[in-house]
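Me: I would like a close look at a single part of this structure, together with the contacts that surround that part. Please treat the matter as one connected account.

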Amino acid sequence: SFKEKVYTVKNFEFKNIENGLSPTASSIKNVRIFGPRADMDKLSSADLYAVADLSGKTAGEYTVAVRIYSKKFNTVWQLGTYNVVVTIK
């Protein structure tokens with residue numbers, strides 16, 4: 001059986017960031033995650049992270065699409081699409 005839960009994602013991984021630049025992002029609220037009930041019962045928001053591709057981005061503020069993954073369970077996935085505001089300095 002499967003289960004859906006809502007989390008706040010606070011962990012980020014930034015890909016393709018130019019050398020010397022430092023990206024930051026705030027949390028993403030109301031992220032819907034779906035997966036097997038047994039895994040969802042053990043999953044916490046600390047197990048989740050968002051990946052943002054910053055290809056071609058320079059210093060500034062951008063709204064970028066992210067994909068949500070779990071460090072602990074590869075059997076869960078996001079429902080819907082999510083964006084985050086990234087500040088690059």
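Which residues do ring pairs link into a cluster?

Reply: The model is a predicted one. In this model the cluster linked by ring pairs consists of Phe2, Phe34 and Trp77. A search of the whole structure finds five aromatic pairs. Another aromatic pair is formed by Tyr49 and Tyr69, tilted at 35° between the planes, with 5.8 Å centre to centre. This pair connects distant parts of the chain, since Tyr49 lies in strand β5 (residues 48-53) and Tyr69 in strand β6, 20 residues apart. Tyr69 counts as partly exposed, at 38% relative accessibility.

The strands provide the setting. Strand β1 (residues 2-9) and strand β4 (residues 28-36) run antiparallel and are joined by seven bridges; within this pairing, Val6 has Arg32 of β4 as its bridge partner. Strand β4 is also joined to β7 by three bridges, again in an antiparallel arrangement, and here Ile33 stands opposite Gln78 of β7.

Val76 belongs to the loop between β6 (60-70) and β7 (77-79). Val76 has a relative accessible area of 12% and is therefore buried, the limit being under 20%. Apart from neighbours within four places in sequence, the contacts of Val76 are Ile33, Phe34, Gly35, Asp39, Met40, Leu43 and Ser70. Val76 and Met40 are 36 residues apart in sequence, yet their C-alpha atoms are 7.6 Å apart in space.

The whole structure contains three salt bridges. In one, the side chains of Lys3 and Asp41 meet at 2.6 Å, N to O. These partners come from distant parts of the chain, 38 residues apart: Lys3 is in strand β1, whereas Asp41 is in the loop between α1 (37-40) and β5. Lys3 is partly exposed, with a relative accessible area of 22%, and Asp41 is partly exposed as well, at 47%.

The side chains of Glu4 and Arg32 also form a salt bridge, at 2.7 Å, N to O. Glu4 is partly exposed, with a relative accessible area of 38%, and Arg32 is partly exposed at 35%.

Note on methods: Residues are numbered from 1 along each chain as its sequence is written. This is a predicted model: local features need pLDDT of at least 70, side-chain atom pairs count only at pLDDT 80 or more; totals for chains, interfaces and linings use all residues. Side-chain values use heavy atoms; hydrogens and water are left out. Helices (H or I, at least four residues) and strands (E, at least two) are DSSP runs, numbered from the N terminus. Buried means under 20% relative accessible area, exposed over 50%, partly exposed in between (1.4 Å probe, protein chains only). Contact means heavy atoms within 4.5 Å. Two strands pair if DSSP finds at least two bridges between them. Rings of Phe, Tyr and Trp (its six-membered ring) pair if their centres lie within 6.5 Å; planes under 30 degrees apart count as stacked, over 60 as edge-to-face and the rest as tilted. A salt bridge is a side-chain nitrogen of Lys or Arg within 4 Å of a carboxyl oxygen of Asp or Glu.
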